[in-house]
Amino acid sequence: MSQQARVKNRAPAPIQISAEQILREAAERQEQQILDPVSKIHDAEEYQEYLSSRRQIFEKNIRYRREHIGNWVKYSRFEEENKDFERARSIFERALEVEHRSSELWLRYAEFEMRNEFVNHARNVLDRAVQILPRVDFLWYKYVYMEEMVGDLPKCRAVFERWMKWMPDDNGWMSYARFETRCNNLPMARSIMERYVNAYPSSRSFLKFAKWAEYEAKDVDLAREIFESTLAELEPEEINARVFKQFSSFEERQGEYERARVIYKHAVNLLKLGEDITPDNFEEEEVSKAEIEKRNELYKSYIAFEKKHGDQEAIESVIFANQRAEYVKKTTEDPLDYDSWFEYAKLEEEHGDHSAVRDVYEKAVANIPPSEEKQHWKRYIYLWVYYALFEELTMSDLDRASEVYKTCLSIIPHKKFSFAKIWVYAAKLHIRRRDVKSARKTMGIAIGLCGKEIIFKEYISLELAMGEVDRCRTLYEKYLGQMPHNCKAWAKYADLEKSCGENDRCRAIFELAITQPSLDMPEMLWKSYIDFEIGESEGDNARRLYQRLLERTNHVKVWISYAQFEGTPIGKGIEKARSIFKDAYDRLKAEGLKEERVLLLDSWKSYEKTNGDTANVSKVEKMLPRRIKRKRMQTDDNGAELGWEEYFDYHFPDDETADGNANLKILEMAEKWKKMQALQQQQEEDDSSDDDDDGSSSDSDESDS
């Protein structure tokens, strides 16, 4: 195969052609059709010459292709149009000598005779055809159709009887029965249908018989008898979902809803409707996929029937069975789909009995994740939690719930990961069982195997609720021994000592905490320590803490907090606060921290408005900076320029650096130069306008002279 040409230039053509233009050009360039000359026949001699020439052409075509039936049919059609029926009949006979087993040729021959009302000839042709080809059904159909159209009913019945000896398919028997029905001979039609079901004893034939009895014979009792005979006489393998579907639909149409419900329930029990209907569950029965689909449709019809004609209890039971089947199918196809297990267990809790719920949970927790990765266990572990809650809350069996947690903890691979919530839930369950010893033992094992922060918090809160302060201190020591960087733990430990009135122990804990080499939130710890000293009205201690903290950091918020502290009743007053603000401003100025200086001045201004006077407020306002928009070049990590960006800079009045003054002087000189240029340009324009006026006046004087 040649490779498909690639379009390199996909740009639109400079001259666009519309569809209308293409159609118009095609119509204009179309060649004129050349018609064959029309020949007219004026007398019989010319007519015979015409027939002779056409016959020679047909005979020539037949000689070339004798086996081609179309040539024979066209030839006979030509003779038929010219009313030469004997010659047309002769052509068909010659064709049958060539191919006598062609059912199409026999049919064309019979239609030719029927079309020209040669009934006996047509009868002879069809009789010969069905003798030679008795298995070709449409020849029999044509034969009985002709006999019925001419009104010869005995001969039509005889043809049907000859046909039935060859044991045709369902349509042949149904045609015979419908023929007798049209003749108002219902007993004969019924006997034909009985012969049919005896010849073909299957569910298909029985259902056709029942349908004929209901719709054509209008005999409801006979139809019901046939349906009952279907279930009684056929083998169990022959009884499928279609039989129950049509039988129940028949009873429903007749208004016999109780009979229909009995039939549906019998189908549910016999065909296992409502269960996990898959080919794997029916290997012994060899049920096809089509039959499985029909059973599913039958079960849906049963649900719809109960919704339409059943009571509330029946409807709920059917819906529950349907939902259960869906969840069973999902969990069978994918046992690790834990969300389906959750929904399945919830469904059983709402509608099923307790043993079924317990069985579902047992099946669910048996599907342990195959890999020892925590992300695969996160959903699975909640199955155990819900199982334990069901045993505790619904069944009120605390011992069994404790066993559930114990089994769950034995399955988790604690060397790779663990779940703190399971340890906590198990310990709290022991508390509810009034087994404090087991709860402490569980939490102790959890500290050794899990060691998470939540374990310590829950264990401490548990002991604190029981008033065991010494145990809480021991736990805090273990907690901080494993996590010395945890500032929240230090603060909680100090709060515990404070609540017990042990201020010295609390102060010692804070001192030990701030001396740790690494802390996750040191600002929170220092704030808690300072707040503790302020709460105890120890101003000197708080002041020393601020000074120690400022030795470690120069953060603006620390300065602000220090100054505000001095303005409180336990501080040294407003002057001390102002001096701290001034020192902070000088320190930040020395380090070149402009934004921090702005934040400090805003806090200072707010403080002066609250506690100071107008003079001090105006003094601070004079120190506020002016915000200037500037540009700077952006660069990436490699130093390449990315473009200019705008930013805001702050210019403080007391910044007297050389660079700042130089930049300001340059800007002032540029502005002065710009003004001078504008004035000079204006003067030049004025001078030029005066010269033009003088020249025009002199010209006018000369013209006057």
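Predicted model: local features only at pLDDT ≥ 70, side-chain atom pairs only at ≥ 80, totals over all residues.
Two packed helices are described by the angle between their axes and the distance between the axes. For α5 and α7, the packing angle is about 15 degrees, and the axes are 10 Å apart. Angles under 35 degrees count as roughly parallel, and α5 and α7 are therefore roughly parallel to each other. The crossing in which α5 passes α7 is left-handed.

As α11 passes α13, the crossing is left-handed.

The loop between α5 (103-115) and α6 (119-132) contains Glu117. Although Glu117 is not a glycine, its phi is positive, at about 65 degrees. Glu117 counts as exposed because its relative accessibility is 67%, where the cut-off for exposure is over 50%. The loop between α11 (203-216) and α12 (220-233) holds Lys218. Lys218, likewise not a glycine, has a positive phi of about 55 degrees. With a relative accessibility of 63%, Lys218 counts as exposed.

Helix α7 returns in the description of the surface. Val119, Tyr145, Met149 and Val150 together form a nonpolar patch there, with about 360 Å² of accessible area in total. The greatest contribution to this patch comes from helix α7 (residues 137-150), which supplies three residues. Met149, a member of the patch, is found in helix α7. Its relative accessibility of 53% is the reason that Met149 counts as exposed.

Charged pairs form the last topic. Side chains of opposite charge can pair when their charged atoms come close. Across the whole structure, a search finds 54 salt bridges. In one of them, the side chains of Glu79 and Arg87 meet with an N to O distance of 4.0 Å. Glu79 has 0% relative accessibility and therefore counts as buried, whereas Arg87, at 36%, counts as partly exposed.

A salt bridge also links the side chains of Arg259 and Glu251, at 3.3 Å from N to O. Glu251 counts as buried because its relative accessibility is 0%, the limit for burial being under 20%. Arg259 has a relative accessibility of 32% and so counts as partly exposed.

Which residue forms a salt bridge with Asp504? The partner is Arg507, and the closest N and O atoms of the pair are 3.6 Å apart. Both Arg507 and Asp504 belong to helix α27 (residues 503-514), where they are separated by three residues, about one turn of the helix. Arg507 is partly exposed, with a relative accessible area of 21%, while Asp504 counts as exposed at 61% relative accessibility. Elsewhere, salt bridges with shared partners join Asp221, Arg224, Glu228, Glu251 and Arg259 into one network.

Technical notes: Residues numbered from 1 in each chain as written. Heavy atoms only, no water. Patch = residues over 30% accessible without salt bridge, like charges linked within 9 Å, V, L, I, M, F, W, Y side chains within 5 Å. Areas by Shrake-Rupley, 256 points an atom, 1.4 Å probe, with all protein chains shown as cover. Helix = DSSP H or I, 4+ residues; strand = E, 2+ residues; numbered from the N terminus. Buried < 20%, exposed > 50% of the residue type's maximum accessible area, 1.4 Å probe, protein only. Axes fitted to C-alpha atoms, helices over the stretch in contact; angles between N-to-C directions. Parallel < 35°, antiparallel > 145°, perpendicular 65-115°, else oblique. Left-handed = near helix turned anticlockwise from the far one by under 90°.
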